[in-house]
Amino acid sequence: MKKYDVTALGELLIDFTESGTSAQGNPILEANPGGAPCNVLSMLNRLGHKTAFIGKIGQDMFGTQLEGALLEVGIETRGLKKDDKVHTTLAFVQTLEDGDREFSFYRNPGADMMLTEEELDEDLIRDSKIFHFGSLSMTDEPSKSATKKAIDIAEKSGAIMSFDPNLREPLWESLDDAYREIDYGLKHCQVLKISDNEIQWFTGKNDFDEGIAILKAKYDIPLILLSMGKYGSRAYTNDDCVEVPAFIQENTIETTGAGDTFGACILRYILEHGWKKYNEGELKDMLTFANAAASIVTTRKGALRVMPAKEEVEILL
């Protein structure tokens, strides 16, 4: 029996989000703990699963805040390293009128990029049922090599491999680099969570089914989840494609963390029902719960600290 349900590797950062204006008319920014991998872990913890994080923060006030946030929500921090020379990565999030976001990053470099192979807690990786990763830890060295070593360790340990590309264009030297590393991730996952704009960019196909067909032909991924924002989500296996509509909230304020919440709920279903070939009804149940949870997060500021409990999702359902 493995001790941890899910271990994730990647970025942990501060999301500065708008929170009103000052008396002088200047925007007030709230420093929210963020980073896609830990958003996923936070939701899984809320659903009763044991999680751990591997990554790096700066030895600064924001790093202290982030470490405290992980401990607060119950994420194991033994794999969290600190850099005394490079500061914690910061992201400034502008919320658009439709609730979508634009990001500006202060990461040249950022501490999350500085994780080395030697700093990996290999026993932690081997003691995890699912290993979850994204592409942002592969934008630069040394974290790129550390990520690929962790993937190799996790695969050899028999972990289920989960990948979310989480494309953030400003963080890549070029989109060719992004394509190459996301291609690597696709070759090393069994569960893929990908967004509508990412599948269109990666395959060049506006039609989602055509894009997924390209992925199926090139990669051996048993379960592909497509998030489509307000249009819902789809699950693709070798035999089935199931679509479930979104839960539209009248009081949605922003979409930060919605995709991470959705992805966490997919991993929750796998943990609670076993890793197998799911039928159409099971895929529908999987997506329905995930869509509902994601919709709740859109009504809240931030993500990591405000994930919904299972009871909240069930009430909505």
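Colleague: Where is asparagine 166 placed?
Modeller: A word on the model first: it is predicted, so local features need pLDDT of at least 70 and side-chain atom pairs count only at pLDDT 80 or more, while totals for chains, interfaces and linings use all residues. Residues are numbered from 1 along each chain as its sequence is written, and side-chain values use heavy atoms, leaving out hydrogens and water. Helices (H or I, at least four residues) and strands (E, at least two) are DSSP runs, numbered from the N terminus. In those terms, asparagine 166 is in the loop between strand 9 and helix 5.

Colleague: Is asparagine 166 buried or exposed?
Modeller: Buried means under 20% relative accessible area, exposed over 50%, and partly exposed in between, with a 1.4 Å probe and protein chains only. Asparagine 166 has 10% relative accessibility, so it counts as buried.

Colleague: And what is the phi of asparagine 166?
Modeller: Most residues other than glycine have a negative phi. Asparagine 166 is not a glycine, yet its phi is positive, at about 50°.

Colleague: What is omega for the bond from glutamate 141 to proline 142?
Modeller: Proline 142 is in the loop between strand 8 and helix 4 (143–156). The bond from glutamate 141 is cis, with omega near 5°.

Colleague: What is the bridge partner of phenylalanine 131 in strand 9?
Modeller: Strand 8 (residues 128–134) and strand 9 (residues 160–164) pair in the parallel sense over five bridges. In strand 9, the partner of phenylalanine 131 is methionine 161.

Colleague: Within what arc do the buried residues of helix 7 fall?
Modeller: Helix 7 (residues 208–218) buries Phe208, Gly211, Ile212 and Leu215. The arc is that of the directions from the helix axis to the C-beta atoms. These residues line one face of the helix, because they fall within an arc of 95°.

Definitions and conventions
Two strands pair if DSSP finds at least two bridges between them.
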